[in-house]
Amino acid sequence: MSSLEIKKVTVIGAGLMGHGIAEVVALSGINVDLEDAFPEALEKAKTSIRGSLARLVRSGKLNQEGADEVFNRISFLSDLGQSVRDSELIIEAVPEIPDLKIKLLKEVSSACRSDAIIASNTSNIRISTLAQNVSSPERMLGLHFFNPPVLMKLVEVIKSEKTSDDAFEAAYQFSRKIGKTPIRVLKDTPGFVVNRINAPESLLFCHILDKGLAKPEEVDSFGRSQGLPMGPYELMDYVGIDTVVHSLRYYADALDPEYAKCKYFEKFMDSKELGLKTGKGFYVWENGKAKIPDAPPSTAIDLMDVLCVEINEAVKIVEEGIAEPADIETGVKLGMNRPFGPMSVAEGLTNAEIKRKLQKLSDKFDTKIFYPAKSIEEGKLREVLSGKAKKNAEEPKKEEGKTVAAPSGEGEPVALSRDVGKRVATLTITNTRNNLINVEVLEGLEKHLKSLWNDKEVNVVIVRGSGKNLSAGAQLTQFFSSPMDFAENSRLGERTFRLLSEIPKITIAEMKGNVFGGGFELASWCDIRVATPDAKMGLPEVTLGLVPGWGGSQRLAKLLGMSRATYLILTGERYEGKYAHEIGLVSKLFPAETIEAETDRFAADLAERIAPISAGVAKNLINKGSDVPADNGLQMESMAMGLLYGTEDLKEGISAFLQKRKPEYKGR
Ligand code: NAD
């Protein structure tokens, strides 16, 4: 059946959603029967629809004649059999009580046309559960409208295992025809897309109160400070705390028992304080407004926590083959009235950041619901975002109640290779075409430098970029939730880069292609820089409203002196490897075509000739000696001499010199 053949629709249940859905359908020119078991509900629906149409007339979207036509397209009935008899599409919108819906849908399926599509507007319940007694479940699906249906553009079109492709496509096209933006939900997971992404968030807000980490008004104050029109608890009061609790109970039953772990909201059910509808919930409500006590924004919650929880659930939805990333993005934007969805937020974050946040949340609240999804655990967030993630990923392995990822070497942003014969290790940044430095790259560098620290088989470390560039700079599109977060990122880079100047090995930066900002700073922390004559480099931060970070403002002055460093930093000037060589920033120039081979050769030569302990101690003396008064530096130098006096390498160095042979240093 195609959407064009849907000439008549029945909506069952004339409540908040049902009357709105009927109005939307009638506005698109299609006749509707609005059925309710309770005549007073139909009267209320008539008033509400008239009121809504009057508002459309007042705003100029309809004239009075048009509004009357729309109203006349709706028949108000209290007879189920009669209402569904000749409709091509039936949309059920009775209360979210599974048994009620299952019973009603059975009746509908035996009274309606044999080719009619039967849809449920359920918020959470699996379509296959609702279809269990329907005579032809291939015609049953979900059409999830959002409140208020007249204003909200989104409709989730939900397929169960048994829904036929024809019925699914017809419902999708119908949703477009009535002016909505449908998204395809390919499996009927509890909560589908939007509510499922909301589910762990509700749990997080429950745990915050359960653990006494903040008061509702403090968290809501924080929410408003972040630009939300309502804080999360005010919103729960507005929607009804019972609705939230029923959803959490259903998720505990159908999705994960851990949704039952948090008990805080349950006490509102006992006291029947359900929010706006009862006049009291988290807050007292008067004249439709919550009386929220003044409170400072909570520091117990971080916007990033909430965003990462959303991203995590969105990733699980992709992994389970429930919806495509683009549909999830559209769903959250339209369903939650947001300028962005979890997919675009994730674009600006690194896999490592999200993973770290989620692991912390999972530990803090002792729930595996916040534990990173498999793709995040394995560093494959980018694959998910680009739609390349493998669908229906296997369940993560479980060990003693913890989720443990399968090992994976893929997607490492920094690769380590060791040539033990030559005593040289190479760290290659491989994350993107420009090798932009982000938290993942910093963590990769840190991990490998620490693993090389006591590696007796490596004397020299090369820092290289894959492809044409060393690194064009820091990834500026990363998302930071606060100035402190940004400052912390700056500290992270500086701590990581400092390892290059402290590790007891000679470090060599290979500068080629673009080497700007963070990439330049990375090179500046190495002991030696080699470059191609045409490598493009510089510190452009001041031209972007920043200052050179990750030690850039400090290190360059040490390398070149204040005058030259000040000039290069304040002008943001770009220059080439040739000039950098002239001013002593770069020690060797190698042709672009052969730079890798030349750097390897140079490193191997150093690794063979230089006593490793001497190299480690000498670089420390240079780097630390310049930070202390001259007398202390000289004292450190004498102490170092004393230390080296007892080494085997010193004896070997002197013997080899006297015997005119190559030394064989052991690093002892
Ligand atoms: P509601 O309580 O406002 O309306 C339900 C209507 O169903 C009432 O008018 C009631 O008289 C009628 N009804 C009850 N039993 C009936 C029966 N046997 N036959 C015919 N009519 C019957 O509920 P609502 O908020 O409109 O929710 C309806 C559905 O839409 C639920 O499944 C809900 O989860 C879903 N939904 C609600 C929202 C929301 O924000 N309220 C948003 C999206 C989806």
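## Ligand shell and open sheet

Of the 24 residues around the ligand, those that come nearest are Met 17, Asp 36, Glu 96, Lys 101 and Ser 123; a residue is near a molecule if one of its heavy atoms lies within 4 Å of it. This is a predicted model, in which local features need pLDDT of at least 70, side-chain atom pairs count only at pLDDT 80 or more, and totals for chains, interfaces and linings use all residues. Residues are numbered from 1 along each chain as its sequence is written, and side-chain values use heavy atoms, with hydrogens and water left out.

The table lists polar contacts, meaning pairs of N or O atoms within 3.5 Å.

| Residue | Protein atom | Distance to a ligand oxygen atom |
|---|---|---|
| Leu 16 | backbone N or O | 3.0 Å |
| Glu 96 | side-chain N or O | 2.5 Å |
| Lys 101 | side-chain N or O | 2.6 Å |

On its own the ligand has 830 Å² of accessible area (Shrake-Rupley method, 1.4 Å probe), and the protein covers 76% of it. Helix H5 (98-111) is among the elements that each supply at least two residues of the shell, and H5 gives the most, with 3 residues. Helices (H or I, at least four residues) and strands (E, at least two) are DSSP runs, numbered from the N terminus.

Elsewhere, 6 strands form an open sheet with mixed pairing, in the order E13-E14-E15-E16-E18-E21; two strands pair if DSSP finds at least two bridges between them. Strand E13 (414-419) and strand E21 (588-589) are the edge strands, each pairing on one side only. Strands E15 (residues 460-465) and E16 (residues 506-511) pair in the parallel sense over 4 bridges, and Ile 462 stands opposite Ile 508 in E16.

Note on methods:
A polar contact is a pair of N or O atoms within 3.5 Å; within protein, one must be able to donate a hydrogen and the other to accept it, and residues adjacent in sequence count only if both atoms are side-chain atoms.
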